[in-house]
Amino acid sequence: MAAATTRPHDVLLVEDDIADAMLIQDALAERGTRNLTQVSDGIAALDYLRDTANERPDLIVLDLNMPRMNGREFLAVVKEDPDLRTIPVVVLTTSAAPDDVTGAYHHHANAYVTKPVNLEEFEAAVRSIDSFYLDIAVKPPRE
């Protein structure tokens, strides 16, 4: 069995709601060593991803409804970019609209999760996303 990595996981949170961002940060902190970077829209997320001084995230958690560049537009750009498309993107949003779900998967989202209203369920959803994508799923090696 391969030795477990001790490197902290890098998560890029693209979320404009400060309260939701804090809840997500708290839920991830409970899971262990995570480097969380939070930006408030798709333009800021692309700037972060394209800055070579920043670590490539292991996971992107993406809200859909944001100013400037929304999550739908961001997802389309990221999944068309050969340097970024392999980063798992999980949409975590309040919308359960069928068009939003279909659109996210059409643009190659790795998963779509509707934000639960209940606090405990919200935290459990975030921990589940984190557990699967950062602890269970096998990813290609970093370049």
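I'll start with Asp63, which sits in the loop between β3 and α3 (71-80). Helices here are DSSP runs of H or I with at least four residues, strands are E runs of at least two, and both are numbered from the N terminus.

Before going on: this is a predicted model, where local features need pLDDT of at least 70, side-chain atom pairs count only at pLDDT 80 or more, and totals for chains, interfaces and linings use all residues. Residues are numbered from 1 along each chain as its sequence is written, and side-chain values use heavy atoms, with hydrogens and water left out.

Is Asp63 buried or exposed? Asp63 is buried, because its relative accessible area is 5%, and buried means under 20%, with a 1.4 Å probe and protein chains only. Leaving out residues up to four places away in sequence, Asp63 touches Val14, Glu15, Asp16, Gly71, Leu92, Thr93 and Lys115. Contact means heavy atoms within 4.5 Å.

Now the sheet. Five strands form an open sheet in the order β2-β1-β3-β4-β5, with parallel pairing; two strands pair if DSSP finds at least two bridges between them. At the edges are β2 (34-39) and β5 (111-114), each pairing on one side only.

Strands β3 (residues 59-62) and β4 (residues 89-93) run parallel and are joined by three bridges. In that pair, Ile60 stands opposite Val89 of β4.

Last, helix α4 (residues 98-106) packs on the sheet and touches β4 and β5.

Notes:
Axes fitted to C-alpha atoms, helices over the stretch in contact; angles between N-to-C directions. Buried < 20%, exposed > 50% of the residue type's maximum accessible area, 1.4 Å probe, protein only.
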